Amino acid sequence: MMDAIILDRFGAPEVLRFGQVERPSIRADQLLIRVAACGVCGHDLLNRAGHFAGTHLPAVLGHEIAGTVDDVGDLVTRFKVGDRVALLQRQSCGRCRSCREGRENLCRLGDGFYGEGSSGGYGQFVVASERNTVGLPAEIPFEVGAVLSCAVGTGLHALLRARVQAGDSVVVTGAGGGVGLNTVQLARLMGLRTIAIATSDAKIKQLQASGADEVIVAPDGVFHEQVRASSAGEGAAAVIEITGTPTFNSSIRAVRPGGRLVLVGNVNPGNVALNPAVAILKEIEVIGSAHAVVADLIRVVDLVKHQRLVPLISATLPIAQAAVAHRMLAQRAAVGRIVLMHG
Ligand SMILES: [Zn+2]
Ligand SMILES: [Zn+2]
């Protein structure tokens, strides 16, 4: 058996219960990971509330995982017991067309997201494969390693999907959030002119420190006129849309002719109204970007190891306080990720 935060029913943070569940077992091609740290993500709040059809109860949430290898199957060659590792947030099959093309984030045949298709990092142990495991250098603490895939890799993947080049302007919505702050840091490393969209004044200083060239505070989700005004009336080469429905309409209007709107996050599941003419007349590309691939995670580990990027961790809490962490995230009180630690 193992300790875990268990979700028996969907609902408010209080439904998260500390208890014991069966320890997962591995196949010959898998690794057993002893979880040291697990990040808390907006995705977890949606999952806990019952928004994901693939989550079957009882469930153990948590897809932002770092820890040590506790056991390996006979077919595992690249990792050994005791290795420190960070995991990609979902498991792919390794055989389908998406996996063969290095787009394993699109695989539909593997075990999927931790916390949905498989038992997640709010438990003491998780199963991984070599395909979603990356070595974590000793310089990077577990609480930082835990957030590299989701909170940093997601932003890197989106910026790569945007096909931007040094000198281009890029808008980042939800910039004060866990993914947003890291995306702003990544944009600076890529030599982009970065316009950060935030919902309150509280995060302006942090965004400037993270490398934002301009911060627009837009509590109503409307900012495209300001973006155009600061880019010779044109708009930005790309908008990285991390917020979703509340900002979508202003985001697409902030894109310059021939530019790209990359959809990464959606805090309020639901539909948006789109007048097709907006995209047609400016030949705007609307591009989906789904979390990260292992190549992104490898790059992020390297950037953080060499301190070119410092992911912000706002708090670490013992795993038993998962409900507290969910409430803190829902109130958007924290700057940076909250990470749960296993004892
Ligand atoms: Zn996440
Ligand atoms: Zn696959």
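1. Strand β3 (residues 30-40) is largely enclosed by the rest of the structure, because ten of its eleven residues are buried. Buried here means under 20% relative accessible area, with a 1.4 Å probe and protein chains only. Strands are DSSP runs of E with at least two residues, helices are runs of H or I with at least four, and both are numbered from the N terminus.

2. The model is predicted: local features need pLDDT of at least 70, side-chain atom pairs count only at pLDDT 80 or more, and totals for chains, interfaces and linings use all residues. Residues are numbered from 1 along each chain as its sequence is written, chains are lettered from A and ligands numbered from 1 in the order in which they are written, and side-chain values use heavy atoms, with hydrogens and water left out.

3. Valine 40 has isoleucine 338 of β17 as its bridge partner.

4. The zinc ion (ligand 2) is coordinated by the SG atoms of Cys93, Cys96, Cys99 and Cys107 at 2.3 to 2.4 Å. Donors are N, O and S atoms within 2.8 Å of the metal (3.2 Å for Na, K and Ca), and since water is not among the atoms, sites may look incomplete. Along the chain the donors follow the spacing C-x2-C-x2-C-x7-C.

5. The angles among the four donor atoms are 105 to 115°, and the zinc site is tetrahedral, a label that requires four donors with all angles between 85 and 135 degrees. The ideal angle for four tetrahedral donors is 109.5 degrees. Cysteine 96 counts as buried because its relative accessibility is 14%; cysteine 99 is buried at 12%.

6. There is one cavity of 30 Å³ or more. A cavity is a set of points on a 1 Å grid over the protein atoms alone where a 1.4 Å probe fits but cannot get out, and lining residues have an atom within 4 Å of a point. The largest cavity has a volume of about 30 Å³, and α4 (178-189) and α3 (142-161) each give two or more residues to its lining. α4 gives the most, with three.

Notes
Tetrahedral: all angles 85-135°; square planar, octahedral: opposite > 155°, others 65-115°. Buried < 20%, exposed > 50% of the residue type's maximum accessible area, 1.4 Å probe, protein only. Pairing = 2+ DSSP bridges. 1 Å grid on protein atoms, 1.4 Å probe; cavity = no way out; pocket = protein on both sides within 12 Å on 5 of 7 lines; lining within 4 Å. Points joined across faces, edges and corners; volume = space filled by probe spheres on them.
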